[in-house]
Amino acid sequence: MRKLAGIVIAGIFFISMMMLFYHLPASHDLSSNEYYYRNPINGSVANESIPEHYIKYTKNETGAVNAVTAIVVEYRGFDTLGEVTVLFTAATGVSFLLSLAVRGRKREEANLILKEGSKLVLPFILLTGAYIFIHGHLTPGGGFPGGSVVASGFLLMMLAYPKFFMKDRISWFESAAGTAFVVIGLLGLVLATSFLQNFIPVGTPGQLVSAGIIPLIYIAIGFKVGSELSAIVNKMKEVQG
Amino acid sequence: MSWEVRKMIDMFGLILILLSIFTIIPAIMAVVMKDLLSCTIALAIMSLILSLYFYLLQAPDVAIAEAGVGACLTTALFIVAIRATERYEGGENED
């Protein structure tokens, strides 16, 4: 009976997912009616569709070569602030729940190869993570993947050394990075016209120092995500030993 | 066979179909198997193949995130959680 119900629910889900394909636009047909921005107050319609605008003008407007980053941080920056808040809430919830748990059993030492190898590999993992979030506006990647790569480096250290713990100071990094994000947004409100708007000269697209506030915000997000995920892993290890 | 159909069944499409089959197999294994540790490893394999799939579909941003979060951090968190609870589904407590 339970299996039957499960199959029915999965079938309904599958069919509704498949029905999405009918609503997908044909490839490269980005100018269809549904994508025009309609002003909710006076009902006026923009004279070009939103995807076309992103493809044509992203590079000149934001200075970012990677259009995904430009959309995530610049055009939809407020949504990204929401995402960061969601992750912050999750990390807070984990540490709150696990603070009630009892301390677990002791773990034995890892073997020599893992211990020495992880020491050798850690700088390169951290370097890769930093590269991913610093170059977010030039190459694929950004704050979230870069931060998780950094956290995975610390995870490796925790697996190799039973006594390796992050210091409590890591939460300072987290709050400083979150504050930096909001402060950059507020500076946009003060120096330009709206929250999270670019107020730094855009510069030459394709260079490391370009794209205005996008690298700054992505570095803040990278630090925040990295420290949050490391704190989650650290908390679970504290409980588990 | 019309031109469109032949264009659909070209090499790239075949690779995508193969990859999606390779993605589904570990997912089904993760549902069926009783050993939760094996399920976690199956999910990690699924994430890895899925990130390759995203890369081939020209979404490298998502591929990096999937490989970093799905294949690495989630696996570690699941293993820690299994270590805290039970390894086998269904209540037989054989650690």
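Student: How many helices and how many strands does chain B have?
Tutor: This is a predicted model in which local features need pLDDT of at least 70, side-chain atom pairs count only at pLDDT 80 or more, and totals for chains, interfaces and linings use all residues. Residues are numbered from 1 along each chain as written, chains are lettered from A and ligands numbered from 1 in written order, and side-chain values use heavy atoms, leaving out hydrogens and water. With helices (H or I, at least four residues) and strands (E, at least two) taken as DSSP runs numbered from the N terminus, the pattern along chain B reads α-α-α-α, and the count is four helices and zero strands.

Student: Within what arc do the buried residues of H2(B) fall, seen down its axis?
Tutor: Buried means under 20% relative accessible area, exposed over 50% and partly exposed in between, with a 1.4 Å probe and protein chains only. The buried residues of H2(B) are Gly13(B), Leu16(B), Leu19(B), Thr23(B), Pro26(B) and Ala30(B). Taking directions from the helix axis to the C-beta atoms, these buried residues line one face of H2(B), because they fall within an arc of 155°.

Student: Which exposed residues does the face of H2(B) turned away from its buried side carry?
Tutor: Ile15(B), which lies in helix H2 (residues 11-32) of chain B, is not among the exposed residues, because its relative accessibility of 37% makes it partly exposed. The exposed residues on the face turned away from the buried side are Met11(B), Ile17(B) and Val32(B).
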